[in-house]
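Here is a brief report on one protein. It covers fold, surface and charge pairs.

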Amino acid sequence: MATPFSARVVPRKHGGEARVRLARSGDAAAMLAVDRGVVDAGVGVVLSRRDLPRHAAEQVDRLRPTLEGDPRMGALLVVEVPPPGSSVGLAAPGLVVGHGSAHRYRPSLCQHVAVIALGIRPDHQGQGLGRALLEGLVDWCEGAGVERVELTVLADNGRAQALYESSGFQREAVRGRFVKHRDGRYVDDIMMARWLR
């Protein structure tokens with residue numbers, strides 16, 4: 001049985017705090033706003049606006065299998081910061097500025113492996129929130145008995161690559177020209193993994 005994930009308050013690089021916690025269905029609109037911000041920034045993305053849900057209700061439907069599914073198979077986490085003029089604490093609600101997921105592979109012979117993904121709103125990047133979210137996802141994986149964690153990162157996302165490498169992930173493969181932008185530019189996709197046990 002998976003160890004439940006406990007919310008945690010983490011320091012932000014330039015002062016203040018943030019909280020990492022399990023996502024709830026009420027976070028859907030904020031999570032969609034994060035996705036839109038990341039897609040609009042255009043760095044390290046494989047999605048376009050047309051790939052995203054049109055509204056929060058559609059986002060809830062997309063997230064429902066993880067929110068209501070077997071907690072041993074997956075988790076959604078969010079990172080939130082306090083609204084201006086307040087502190088986040090463990091009880092006060094905050095502004096969701098990032099989210100991440102961890103999903104175990106379904107085949108029984110691969111359930112020791114999970115794949116993770118995460119995103120932070122561009123206007124909140126560089127504050128250590130991506131690292132806090134990544135550490136939360138890895139902690140969930142460890143508590144769930146996962147032995148190997150995988151992720152992919154596009155070659156044009158140097159900041160994310162540096163984060164993953166500094167967190168113990170190693171490059172394993174490259175999918176050449178995996179993404180083709182509308183301007184005809186190709187971007188490679190880098191597959192990375194980290195062994196937890």
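What share of the contacts in the protein with a separation of 6 or more comes from residues 24 or more positions apart? Such residues account for 62% of these contacts.

## Fold and dimensions

This is a predicted model. The protein has four helices and eight strands. From the N terminus, the order is β-β-α-α-β-β-β-α-β-α-β-β.

The radius of gyration is 16 Å, which agrees with the value near 16 Å for a compact globule of 197 residues. Along the principal axes, the C-alpha atoms fill a box of roughly 45 × 40 × 35 Å.

## Burial and surface

Of the 197 residues, 43% are buried. The protein exposes about 10400 Å². Carbon and sulfur atoms supply 52% of that area.

## Charges

There are 27 positive and 22 negative side chains. The centres of the two sets lie 2 Å apart. Side chains of opposite charge can pair when their charged atoms come close. The structure holds 15 salt bridges.

## Selected salt bridges

Asp 40 pairs with Arg 49, with the closest N and O atoms 2.7 Å apart. Asp 40 is partly exposed at 48% relative accessible area. Arg 49 is partly exposed too, at 44%.

Asp 123 forms a salt bridge with Arg 121, and the closest N and O atoms are 2.7 Å apart. Here Asp 123 is partly exposed at 48%, whereas Arg 121 is buried at 19%.

Glu 165 and Arg 171 form a salt bridge, their closest N and O atoms being 3.0 Å apart. Glu 165 is partly exposed at 40%, and Arg 171 is partly exposed at 47%.

A network of salt bridges links Arg 19, Arg 21, Asp 27 and Glu 80.

Key:
Residues are numbered from 1 along each chain as its sequence is written. This is a predicted model: local features need pLDDT of at least 70, side-chain atom pairs count only at pLDDT 80 or more; totals for chains, interfaces and linings use all residues. Side-chain values use heavy atoms; hydrogens and water are left out. Helices (H or I, at least four residues) and strands (E, at least two) are DSSP runs, numbered from the N terminus. The radius of gyration is taken over C-alpha atoms; the globule rule is 2.2 Å times the number of residues to the power 0.38. Buried means under 20% relative accessible area, exposed over 50%, partly exposed in between (1.4 Å probe, protein chains only). Contact means heavy atoms within 4.5 Å. Accessible areas come from the Shrake-Rupley method with a 1.4 Å probe; for residues, only the protein chains shown count as cover. Lys and Arg count as positive and Asp and Glu as negative; His and the chain ends are not counted. The place of a charge is taken as NZ of Lys, CZ of Arg, CG of Asp or CD of Glu. A salt bridge is a side-chain nitrogen of Lys or Arg within 4 Å of a carboxyl oxygen of Asp or Glu.
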